[in-house]
Every structure is written in structure tokens, then in C-alpha cells.
Amino acid sequence: MLSELFFHDQTAYTKTEQEIIDFICRNPSVFLSDSISQLADRLGISDASLSRLAKHAGYPDYKGLKGAVAEAFGGTGPAGKLRGALQNRKDGGLDAFLAGQQACLQKTLELIDHDAFEKAVRLFASSERIFLHGKGASRCLAQLLHFRLNRFGKAVFLMPSGGTELFEDLNRLCEGDLVVCFGFQKLPREDSVLLSHACAAGCKSILFSSRVYAAETSRADVSLLIYRG
């Protein structure tokens with residue numbers, strides 16, 4: 001994943017440091033354009049927290065971390081051209097909306113772990129029963145995936161969003177089942193319980209998230225990053 005380019009996996013980062021890393025990886029252009037004080041104000045932390053993260057990650061100082069990120073994003077590929085087009089476009093209208101969606105898709109392509117994606121494909125293909133869970137706005141994605149997977153002849157179940165009905169549904173999970181959750185900016189408590197129970201029951205699990213550090217903070221076997229802007 002993108003975080004592995006700049007931050008060591010073996011390092012035990014604090015919760016604040018994980019949130020900073022998540023922001024940097026999702027918003028590298030903002031990180032590069034802001035001063036250390038501006039970024040600290042944006043994140044509601046101190047300048048010292050940013051400096052400590054840089055040293056904790058193995059850089060001599062904050063400038064060293066910023067230089068590494070700047071070098072990695074210094075090329076002019078499709079993403080760079082797209083960013084330039086977005087900066088020069090007029091605000092509002094259908095063109096702006098579609099360009100924004102295109103930018104999110106391009107950023108997802110840059111950030112997603114391709115090995116994790118292939119592992120997720122194998123899990124979908126090999127699992128006989130698939131349980132989907134989405135809460136709030138994420139439920140429409142679970143419903144769409146339910147519709148798509150049904151076309152492949154899979155036994156697909158859309159779990160209740162929450163409440164006692166969800167917890168009653170947990171008893172249906174068996175070893176070999178696949179559990180798929182959608183938890184973007186913040187992982188719902190229901191998904192935390194569901195993923196933990198799936199692990200205990202011998203089920204495999206996939207989490208769609210917009211947080212770079214979701215893989216380290218959830219019990220999912222596979223975490224797929226989706227950039228939402």
C-alpha cells in the first residue's frame with residue numbers, strides 16, 4: 001500500500017500518528033502544499049506531533065519526510081495531468097462533478113493494494129456463502145453487491161444494518177463463509193463486532209474502507225482502500 005512507501009510496517013505508531021499517516025496518504029498534495037503549522041492546525045494537533053512522527057518513521061526531521069513524499073509524487077503521469085485539469089476547470093456543473101468522480105477513481109487506483117485486491121477476488125470466487133453488511137449510506141453498496149453476486153449463482157445474504165436482528169444473524173455464520181463489510185471514514189461498531197465474530201467462527205472477511213490504516217485497525221482478512229475525496 002502507499003503507506004508502506006514512507007512508513008515502516010513494523011513500527012508501532014500511536015493512534016494520532018496513524019491518523020496523520022492516513023491523511024498524508026489520502027491527501028499528498030495538501031500535505032506537500034501546507035506548512036507544518038498549517039497542517040497541524042488542519043488536523044487539530046501540535047507541530048511537535050508531526051515532527052515526532054517523521055523521526056518515528058526513520059526520517060531525520062519533518063522536511064525529510066516531506067521530501068520523500070515530494071519525490072514520489074514528482075512525476076507527471078495520468079494522475080498529475082488529471083490534477084492539473086481539475087485545478088483549471090470552472091466550478092460547478094456536470095463536468096466538474098464527473099471530473100471529481102474520475103479523480104477519486106484515479107486516486108483509488110494509486111492507493112489500492114493490488115495483492116489484496118487479487119486475494120479478495122479469490123475469496124469471492126471460492127466462498128459458497130457470502131454475507132454482506134452495510135450501515136447508513138453504505139447499505140446501498142451492499143445492496144448493489146448483493147444484486148451483482150446473485151448473477152454468479154452464489155448464496156448471498158444481506159444482513160440487517162443493526163439491532164438485535166443483526167446479532168441474531170451472527171449465529172448463521174459458519175467456517176468457510178465470507179463476510180463483507182463497508183466502513184469508510186469510521187468503522188461502525190456493528191462492523192467491528194461482525195468482523196471479530198467472523199474471525200472467531202473461522203470465516204474470511206473483506207472490508208471496504210477509505211482509511212489507509214483500516215488494515216491495521218480492523219479484524220478483516222482483506223482491506224480494500226476506496227478514495228472518496
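**Reading burial, rings and sheet in a predicted model**

Me: Start with one residue. Is phenylalanine 131 buried or exposed?

Reply: This is a predicted model, so every value here is computed from it. Read burial from the relative accessible area; under 20% is buried, and over 50% is exposed. Phenylalanine 131 has a relative accessibility of 0%, so the residue counts as buried.

Me: And what is the relative accessible area of phenylalanine 157?

Reply: Phenylalanine 157 comes to 24%. That makes phenylalanine 157 partly exposed.

Me: What share of the chain is buried?

Reply: Of the 229 residues in the chain, 41% are buried.

Me: Now the rings. How many aromatic pairs are there?

Reply: Two values describe a pair of aromatic rings: the distance of the centres and the angle of the planes. The count here is three aromatic pairs. One of them joins phenylalanine 131 and phenylalanine 157. Their centres are 4.9 Å apart, and the planes make 25°. That pair is stacked.

Me: Which parts does this pair tie together?

Reply: Look at where each ring sits. Phenylalanine 131 belongs to strand 1 (residues 129-134), and phenylalanine 157 to strand 2 (residues 155-158). The pair therefore links parts 26 residues apart in sequence.

Me: What pair does phenylalanine 182 form?

Reply: Phenylalanine 182 stacks with phenylalanine 208. Read the two values again: 5.0 Å centre to centre, 10° between the planes. Phenylalanine 182 is in strand 3 (residues 178-182) and phenylalanine 208 in strand 4 (residues 204-209), so this pair also ties parts 26 residues apart in sequence. Both phenylalanine 182 and phenylalanine 208 are buried.

Me: Which charged end sits over the ring of phenylalanine 157?

Reply: Look for a charged end placed above a ring. Here that is arginine 172. Its charged end lies 4.4 Å from the centre of the phenylalanine 157 ring.

Me: How many bridges join strand 1 to strand 2?

Reply: Count the bridges, then find the partners. Strand 1 and strand 2 run parallel and share four bridges. Leucine 132 has leucine 158 in strand 2 as a bridge partner.

Me: How many bridges join strand 3 to strand 4?

Reply: Five, and the two strands run parallel. Leucine 178 has lysine 204 in strand 4 as its bridge partner. Strand 4 is also joined to strand 5 by four bridges, again parallel. Serine 209 is opposite leucine 225 in strand 5. Strand 4 is mostly covered, with five of its six residues buried.

Me: Last, cysteines. How many disulfides does the structure hold?

Reply: A disulfide is a covalent bond between the sulfur atoms of two cysteines. The structure holds zero. Cysteine 140 is partly exposed at 48% relative accessible area, whereas cysteine 181 is buried at 0%.

Technical notes: Residues are numbered from 1 along each chain as its sequence is written. This is a predicted model: local features need pLDDT of at least 70, side-chain atom pairs count only at pLDDT 80 or more; totals for chains, interfaces and linings use all residues. Side-chain values use heavy atoms; hydrogens and water are left out. Rings of Phe, Tyr and Trp (its six-membered ring) pair if their centres lie within 6.5 Å; planes under 30 degrees apart count as stacked, over 60 as edge-to-face and the rest as tilted. Buried means under 20% relative accessible area, exposed over 50%, partly exposed in between (1.4 Å probe, protein chains only). A charge sits over a ring if NZ of Lys or CZ of Arg is within 6 Å of the ring centre and within 35 degrees of the ring normal. A disulfide is a pair of cysteine sulfur atoms within 2.5 Å. Two strands pair if DSSP finds at least two bridges between them.
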